[in-house]
Amino acid sequence: MSMTGKASVALGLALWLLHASAGLAAEKTVRFAVDGQQVVGTLSLPDGIVRPPVVLLLHGFESTRDELEIPSVREGVFRRAARLWSDRGLASLRIDFRGGGDSDGRFEDTTYSGQIRDALAAIDFLAASDEIDHDRISVVGWSMGGAVARAAAGRTDHKLVSVSLWAPATNIASAMTFIFGPDVMRKGLSGGDKAVTAKLSWGDQVTLGTAFFQDLFTVDPIAEIASYRGPLLVAVGTNDDIVFPQPASGKLVLDYHKGPGELWVQPMDHIFNTQQDAAMVDRLIAKTSDFIQASLK
C-alpha cells in the first residue's frame, strides 16, 4: 500500500473514531436524588455546541423515559425526539419517574405529587449543570406527564423558556376513572394500606397504592399553569380517545394560561398515530422544536 493510501486509511479511521466518540459522548446516564431515592435519566447533548439550550421530557403514565416504541422505526417517541432535536442544536434530558424504568422505588408507590417533585428536581439538576445553558430550559410533557409539566412549570423557582404539552391530561381523576373504571377507583380510594390491582383499558395490568388514588384529588393540574407566564404550546388530536373531547380540552389549558400560547390541533390519536407510521409524530417533534427555538429568540 502506498503512503498516500496508508494516510487515507489512517485519516478515515481517525474520522470514524472521532465520530464514534462523539456519538458515545452525545448521550449519557445521569442520576439525582429525590426524597432519598435515585431518579435516572438520559442527557442528550448536541455535538459541537457549548452549553446548548435544553429540553426536559416527562413521560406518561406507566411509561419510561424513551417512551412508546414506534413500530415502523423501532424507536421510542422520546428517544426519537431527543435525537432529532440534537440535530437542531437542542440538548434534552428524559427521566424515569420514580417507580418506573431504572429509577428507584416501586410503581405501586407512585403518586402525581411524587412525579411533580421528580420534575422539579430535574429542573434543579439542569439549572446546576455546567453542560447546558441553565437560562434556557424548556419542558415537554406527554399525557399525565403533561399534567406534571404544568404543575412543575407553575412551581419551579427557575425561569423556563417554554412549555409544550402533548395530549396533556386535564382532569386526571376523571381520566383515571375512565382508564380503570369506577369500581377500581372506589376500591383505590378506600383501600387503606392495601394496594389495588387493575387492568388498564389498553390491556396492561398495574398495582397501585391508596396514596395514588387519593393524591389525584389534591392537585388541580389546570389551575397550576396559571402561575407560569411564559410561552405555552398545547398539541392535541381530534382522534384522542384518552383525553377528550378535543380540541376543547386543550383549549381549556390555554384559558387558564396568562401568557403567550398556541393550540396545535391535528387528526391524531393519543399516541400520535404511531401505530401507523412515524409521520405524525415527526411533525409534532418538528413543531415543538420550532416553538422552542422561537421562544429562545
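**Reading the labels on a predicted model**

Biologist: What makes arginine 155 and glutamate 224 a salt bridge?

Modeller: The closest N and O atoms of the two residues are 2.8 Å apart, and since the cut-off is 4 Å between a side-chain nitrogen of Lys or Arg and a carboxyl oxygen of Asp or Glu, the pair qualifies. Arginine 155 belongs to helix H4 and glutamate 224 to helix H8 (residues 221-224), 69 residues apart, and the pair thus links distant parts of the chain. Glutamate 224, for its part, counts as buried, because its relative accessibility is 16%.

Biologist: How do you know that aspartate 35 and arginine 98 tie together separate parts of the sequence?

Modeller: Their side chains meet in a salt bridge, at 3.3 Å from N to O. Aspartate 35 is in the loop between strand S1 (27-34) and strand S2 (37-44), while arginine 98 is in the loop between strand S6 (91-95) and helix H3 (112-128), so the bridge ties together parts that lie 63 residues apart in sequence.

Biologist: What makes aspartate 102 and arginine 65 a salt bridge, and where do the two residues lie?

Modeller: Their closest N and O atoms are 3.1 Å apart, which is within the 4 Å limit. Aspartate 102 is in the loop between S6 and H3 and arginine 65 in the loop between S3 and S4, so this pair joins parts 37 residues apart in sequence. Aspartate 102 is exposed at 52% relative accessibility, whereas arginine 65 is buried at 11%.

Biologist: How do you know that the buried residues of helix H5 share a side?

Modeller: The buried residues of H5 (residues 172-180) are Ile172, Ala173, Ala175, Met176, Ile179 and Phe180. They cover an arc of only 160° around the axis, which puts them on the same side of H5. In general, an α-helix has 3.6 residues a turn, so residues three or four places apart point the same way.

Biologist: Why is threonine 288 called buried, and which residues is it in contact with beyond its sequence neighbours?

Modeller: Threonine 288, found in helix H10 (residues 279-296), has a relative accessibility of 0%, and it is therefore buried by the rule of under 20%. Leaving aside neighbours within four places in sequence, threonine 288 is in contact with Trp85, Val140, Ser164, Trp166 and Leu233.

Biologist: What makes the chain as compact as a globular protein of its length?

Modeller: The chain has ten helices and twelve strands. Its radius of gyration is 20 Å, close to the 19 Å that the globule rule gives for 297 residues, so the chain is as compact as a globular protein of that length. Along the principal axes, the C-alpha trace spans about 80 × 40 × 40 Å, and 52% of the 297 residues count as buried.

Note on methods
Residues numbered from 1 in each chain as written. Predicted model: local features only at pLDDT ≥ 70, side-chain atom pairs only at ≥ 80, totals over all residues. Heavy atoms only, no water. Buried < 20%, exposed > 50% of the residue type's maximum accessible area, 1.4 Å probe, protein only. Helix = DSSP H or I, 4+ residues; strand = E, 2+ residues; numbered from the N terminus. Arc of directions from axis to C-beta. Rg over C-alpha atoms; globule rule 2.2 N^0.38 Å. Contact = heavy atoms within 4.5 Å.
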